[in-house]
Amino acid sequence: MGDENAEHTEKAARAEKPESGASGDSGAGAEPERRRGSTRRALLLGGAAVGVGAAVLAREELGRLWWRVPGVVKKRKEGEVDARGAQWIAASSANWRRADRPSDYDIDRIVIHVVQGGYATALKVFKDPGHGAAAHYVVRKDGHIAQMIRELDVAFHAGNRSMNERSVGIEHEGFVDEKSSFTDAMYVASARLTAGICERYDIPVDREHIIGHVEVEGTDHTDPGPHWDWGRYLRLVRRERDRPARAGTPA
Ligand SMILES: [Zn+2]
């Protein structure tokens, strides 16, 4: 991601739902402001003193920190994605709520779904304002990933408001009762996506934090179902997380 500053570029305020409450600047306390100021100063000084390498490092570091600064409205660019390599395909705005995560809501869960249909079907229904639900990501059998909702925003994917607010939802094309739905390419691509999300928000890689839709309180959904190989998936997520190349790589 290329955002290098915290400039406030207020785009025409998209209909802010009253119940969303915590969005915008409400979370900006004095403490985080002070921390941000000193961090930025320290990094800039470091960069100037040590040279280009350090400056690049500082910029990357600043990029990561900036992401977490509470109360700063993040700059949004049309078509921008949070996961490197994902293709932006916008969901209908009726299927998510604008937010400013992780400033207004902490993100500490990833919810794994299965579409009960193909990739194209998922895209179609998530673009449909009448559907009332959509996930942040859809993973195709060949490993291609569509991002349909920004991680900043609350996607309506878990059927549970507080879970939606704290989670990122990932759909996988296929069917819960069809083991062949879940290809090697899909597992690897999804695991890489999940590893990136865990890295961005400091989410532990375990089954408490990476859950199936079936485990969401009050749900009647069964996905991802008995054929989803959790042991394999978590191993792959850890492998992706621990890749040396990932260190310091945004998104
Ligand atoms: Zn689901």
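**Figure 1. The largest nonpolar core of this predicted model holds 53 residues.** Those with the most contacts inside the core are I110, A134, Y137, V138, I145 and I170. Several elements supply at least two residues each. Among the strands that do so are strand 3 (109–114), strand 4 (137–139), strand 5 (145–147), strand 6 (154–155) and strand 7 (167–172). The helices that do so are helix 3 (119–127), helix 5 (184–201) and helix 6 (230–242). Helix 5 gives the most, with nine residues. As background, nonpolar side chains tend to be buried together in soluble globular proteins.

**Figure 2. I170 and its contacts.** I170 is one of the residues with the most contacts inside the core. Which residues is I170 in contact with, leaving aside its neighbours within four places in sequence? The list includes I110, I112 and H113. It also includes A135, H136, Y137 and V139. S190, L193 and T194 complete the set.

**Figure 3. The protein chain as a whole.** The protein chain has six helices and eight strands. From the N terminus on, the elements run α-α-β-β-β-α-β-β-β-α-β-α-β-α. The chain has 251 residues, and 37% of them count as buried. Consider the contacts with a separation of 6 or more: 76% of these come from residues 24 or more positions apart.

**Figure 4. Strand 3 is largely enclosed by the rest of the structure.** The reason is a simple count: six of its six residues are buried, so the strand is largely enclosed. In a regular strand the side chains alternate between the two faces of the sheet. Which residues of strand 3 point one way, and which the other way? R109, V111 and H113 point one way. I110, I112 and V114 point the other way. Both sets are buried.

**Figure 5. Strand 3 and its two pairings, with strand 7 and strand 8.** Strand 3 and strand 7 pair in the parallel sense over six bridges. Here I110 has V168 of strand 7 as its bridge partner. Strand 3 also pairs in the parallel sense with strand 8 (residues 210–212), over three bridges. In that pairing, V111 has I211 of strand 8 as its bridge partner.

Figure 6. Helix 5 has 18 residues. From its first C-alpha to its last it reaches 26 Å, close to the 26 Å expected at 1.5 Å a residue. Is helix 5 largely enclosed or exposed? It is largely enclosed by the rest of the structure, because 14 of its 18 residues are buried. Just after helix 5 comes D202, with a positive phi of about 55 degrees. D202 is not a glycine. It sits in the loop between helix 5 and strand 8. D202 has 11 C-beta neighbours inside 10 Å, so it counts as exposed; the cut-off is 12 or fewer.

**Figure 7. Helix 6 and its buried side.** Helix 6 has 13 residues, which should span 18 Å at 1.5 Å a residue. Its end C-alpha atoms are 18 Å apart, in agreement with that value. The buried residues of helix 6 are Y233, L236, V237 and E240. Why are they said to be on the same side of helix 6? They cover an arc of only 100 degrees around the axis, which puts them on the same side. What covers these buried residues includes helix 5. The face turned away from the buried side carries the exposed residues G231 and D242.

**Figure 8. Two cis peptide bonds, R101 to P102 and D223 to P224.** Most residues other than glycine have a negative phi, and most peptide bonds are trans. A cis bond joins R101 and P102, with omega of about 5 degrees. P102 is found in the loop between strand 2 (96–97) and strand 3. The bond from D223 to P224 is also cis, with omega near 10 degrees. P224 has its place in the loop between strand 8 and helix 6.

**Figure 9. Q116 has a positive phi.** The angle is about 65 degrees, although Q116 is not a glycine. Where does Q116 lie? Its place is the loop between strand 3 and helix 3. Q116 counts as partly exposed because it has 19 C-beta neighbours inside 10 Å, whereas a buried residue has 20 or more.

Conventions: Residues numbered from 1 in each chain as written. Predicted model: local features only at pLDDT ≥ 70, side-chain atom pairs only at ≥ 80, totals over all residues. Core = buried A, V, L, I, M, F, W, Y, C linked by C-beta atoms within 7 Å. Helix = DSSP H or I, 4+ residues; strand = E, 2+ residues; numbered from the N terminus. Contact = placed C-beta atoms within 7 Å. Expected span 1.5 Å × (residues − 1). Arc of directions from axis to C-beta. Pairing = 2+ DSSP bridges.
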